[in-house]
Amino acid sequence: MNYSSPWMTPELATFRDAIRRFVDAEVVPHQERWAKQQHVDRELWRKGGEMGMLLADIPEEYGGSGGSFAHQAIVFEELTDAGDMAFGIHVHAIVAHYILNQGTEAQKKKYLPLLASGEMVAAIAMSEPGAGSDLKGIRTTALPDAYGYHVNGSKIFISNGYLADLIVVVAKTNPDAGAKGVSLMLVETRDCPGFKVGRILEKIGQKGQDTCELFFDDVRVPADAVLGGVEGRGFAQLMTELPYERTILGVSGVAAIERALRLTVEHTKQRKAFGQALIDMQNTRFVLAEIKTEATIARTFIDRCIVDMLEGRMDTELASMAKYWISDLQCKVIDQCLQLFGGYGYMLEYPIAQMYVDARVQRIYGGANEIMKEIISRSL
Ligand SMILES: Cc1cc2nc3c(=O)[nH]c(=O)nc-3n(C[C@H](O)[C@H](O)[C@H](O)COP(=O)(O)OP(=O)(O)OC[C@H]3O[C@@H](n4cnc5c(N)ncnc54)[C@H](O)[C@@H]3O)c2cc1C
């Protein structure tokens, strides 16, 4: 079957080769060590910056690489194909888009070049111990004072939390105003009295990703730290930017499905039982035939989403469909593939085992899949 994504070009193919070489040299050899230390090396961020992969789709005038969403999608595909879930470029790029699309000119000029070069690592802090899916329930506040704002509260499950220098914190600037009282605050964490990173959380997978608890105890931020410069726009900004995040999750999900299929075809061709290769058994062939069909459907769908992103018409509904449907499929497919590896599939030295534990959270973060269905159902 000869299929090439409609958005691919020769220039993008060259870019993909360069990213693959970078990932092979700078990511793959360190994965085990990162998993043990629970975070990537800060040096990786600088190297990624030099490579131009951190903000591949941010305009050059703000320090980005001036590419399109296709460039950024290729970065995510190649990281997934190398089994990497530690290098949090996803969240970093998401924050950059919040700043690009919602920030003031001064905020864009100040932060985007630093994020592009990897001098600053970014995180976004929405979830709290008492509020994840239901963000209206957040308790973190950023109350105005003579100087600017003081931030109080705590956040949980924050990706890049340990290394982050810039955190977009979802906070109530006016606790009496309901959804209209929520703002996104740009908090710089270096030399920041009152800011504390809690422990790096022990997860079942994605061990090299620094997912943390964060604490804000009267953290002072200046008056111009409100994203976009106007209070109360936080929810609207989240609603506008979440489709980018959800499309990215779909992009990585399809890359993971394709990798699982490839690894399993290879394994079942060389592994023998009952005097034949596993792939010669009808059940194996049927399972893999089903997976190949589903992978093709998923690829066609995500390619359509990528084109919609490129043409600026991606919407909340479609992004929610991509996030929920692909992550559900990813978990199902990887589970089926693992079964075909037998006992080896349960051993962490086999990538399929790692993929199994890494995949599970795809159905939870970025908005639980049930929330995605709520969003889609609003359009019925
Ligand atoms: C590894 C990891 C990384 C993360 N990174 C970040 C990050 O960088 N920044 C950040 O802000 N957050 C992050 N999160 C948090 C993540 O977004 C939340 O865990 C997620 O939104 C779910 O919120 P919750 O955990 O509070 O679950 P809850 O809100 O308690 O929901 C639990 C379950 O209840 C069900 N449910 C909830 N609401 C509904 C509903 N309306 N209808 C039907 N069913 C429902 C769903 O099954 C849901 O999974 C991360 C989480 C993990 C595990």
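At what angle do helix α4 and helix α5 pack, and how far apart are their axes? The views below start with that pair, in a predicted model where local features need pLDDT of at least 70, side-chain atom pairs count only at pLDDT 80 or more, and totals for chains, interfaces and linings use all residues. Residues are numbered from 1 along each chain as its sequence is written, and side-chain values use heavy atoms, with hydrogens and water left out.

**View 1. Helix α4 (residues 69-81) packs with helix α5 (residues 89-102).** The angle is about 165 degrees and the axes are 11 Å apart; axes are lines fitted to C-alpha atoms, for helices over the stretch in contact, and angles run from 0 to 180 degrees between N-to-C directions. Helices here are DSSP runs of H or I with at least four residues, and strands are runs of E with at least two, numbered from the N terminus. The crossing of α4 and α5 is left-handed, meaning that the near helix is turned anticlockwise from the far one by less than a right angle; clockwise would be right-handed. Look for Gln-72, Val-75, Phe-76 and Leu-79 of α4 against Ile-89, His-90 and Ala-93 of α5, where contact means heavy atoms within 4.5 Å. By class, this contact has 5 nonpolar, 2 polar and no charged residues (nonpolar: Ala, Val, Leu, Ile, Met, Phe, Trp, Tyr, Cys and Pro; charged: Asp, Glu, Lys and Arg; polar: the others, Gly among them).

**View 2. Helix α1 (residues 10-26) meets helix α3 (residues 42-51).** Their axes come within 12 Å and cross at roughly 160 degrees, so α1 and α3 are roughly antiparallel to each other. Here the crossing is right-handed. Ala-18, Ile-19, Phe-22 and Glu-26 in α1 touch Leu-44, Lys-47, Gly-48 and Met-51 in α3. That contact counts 5 nonpolar, 1 polar and 2 charged residues.

**View 3. Helices α7 and α10 pack with their axes 10 Å apart.** The angle between α7 and α10 is about 155 degrees, and they are therefore roughly antiparallel. Their crossing is left-handed. From α7 come Ala-256, Arg-259, Ala-260, Leu-263 and Thr-264, and from α10 come Pro-351, Ile-352 and Met-355.

**View 4. The structure holds 1 cavity of 30 Å³ or more.** On a 1 Å grid over the protein atoms alone, a cavity is a set of points where a 1.4 Å probe fits but cannot get out, and lining residues have an atom within 4 Å of a point. The largest cavity has a volume of about 120 Å³, and of its 14 lining residues, the closest to the centre are Thr-80, Met-85, Ala-256, Gln-330 and Asp-358. Volume here is the space filled by probe spheres set on the points, which are joined across faces, edges and corners. α7 (234-270), α9 (316-340) and α10 (351-359) each supply at least two lining residues, and α7 gives the most, with 4.

Methods: 1 Å grid on protein atoms, 1.4 Å probe; cavity = no way out; pocket = protein on both sides within 12 Å on 5 of 7 lines; lining within 4 Å. Parallel < 35°, antiparallel > 145°, perpendicular 65-115°, else oblique.
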